Amino acid sequence: MSTKHGQRIPGSRALKGLGPVLRAGVCAALLAGLLACASQTVGHLKQHPWSLDQPQSLRTNYLSFDFLCSQDPKGLQVRGQAYPRPDGPIPDWATWARDLWLGVYLSDRSGQVLAQKIEVLPPQALSRARPIEFSFILKPHSMGEPGPVFISFGYRLVLAPGPQKKTAQSAEDREDTPVFFASESALTRF
């Protein structure tokens, strides 16, 4: 590299642009490496042993799940319904799910996720009398360590006293509407 009046002059303009490109490439390679090493765990969630064609129940922190596991030509099927725990912490006024997703996880004994399915559901009423119906097909990529497999459920709930009105409300009206939030899901480990 030559100098002119004590300043460095780059040898090529192509090298000047290589710095950011090289940095982006290194960052992309590191991210890909981290994602390749990432795994999901449900060891912190309530788990129920996988059992074929038998009605089962599982209570989480906020919801109860009644479900049936079966074989399906496309994979392993889990279908049933979810509803607020009668003895749980969801307030009585929180009967409308504004924002709702449900998920099911198949895991091994250590909690390592073998398969998962998550669905975003439309806003709807939610009570013991009006449970959330679900049906998932799981396609495990492997069966993990030898031994039994387990079912866990995840969810994200934003509950309110009723549907949000489509009419223009003032910001004060929206702020006065109470909201209850609950969430349980798998954790990603790197």
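Two strands are taken to pair if DSSP finds at least two bridges between them, and the strands themselves are DSSP runs (E, at least two residues) numbered from the N terminus. The model described here is predicted, so that local features need pLDDT of at least 70 and side-chain atom pairs count only at pLDDT 80 or more, while totals for chains, interfaces and linings use all residues. Residues are numbered from 1 along each chain as its sequence is written, and side-chain values use heavy atoms, with hydrogens and water left out.

With antiparallel pairing, four strands form an open sheet in the order β5-β6-β7-β11. Its edges are β5 (56-59) and β11 (132-138), each of which pairs on one side only. Neighbouring strands of this sheet are turned by 25° against each other on average, direction ignored, where the axes are lines fitted to C-alpha atoms and angles run from 0 to 180 degrees between N-to-C directions. Within the sheet, β6 (residues 63-72) and β7 (residues 75-84) run antiparallel and are joined by ten bridges, and Phe67 has Gly80 of β7 as its bridge partner.

Phe67 also belongs to one aromatic cluster with Phe65, Phe134, Phe136, Phe153 and Tyr155. Rings of Phe, Tyr and Trp (its six-membered ring) pair if their centres lie within 6.5 Å, with planes under 30 degrees apart counted as stacked, over 60 as edge-to-face and the rest as tilted. By this rule there are seven aromatic pairs. One of them joins Tyr62 and Phe180, whose ring centres are 5.9 Å apart with planes at 65°, so the pair is edge-to-face. Tyr62 lies in the loop between β5 and β6 and Phe180 in strand β13 (residues 180-184), 118 residues apart.

A salt bridge requires a side-chain nitrogen of Lys or Arg within 4 Å of a carboxyl oxygen of Asp or Glu, and a search of the whole structure finds three.

| Salt bridge | Closest N and O atoms |
|---|---|
| Asp87 and Arg59 | 3.0 Å |
| Arg85 and Asp87 | 3.2 Å |

Asp99 lies in strand β8 and Arg156 in strand β12 (residues 150-160), so their pair ties together parts that are 57 residues apart in sequence. Salt bridges that share partners join Arg59, Arg85 and Asp87 into one network. In terms of accessibility (buried under 20% relative accessible area, exposed over 50%, partly exposed in between, with a 1.4 Å probe and protein chains only), Arg85 counts as buried at 17%, whereas Asp87 is partly exposed at 49% and Arg59 is partly exposed at 42%.
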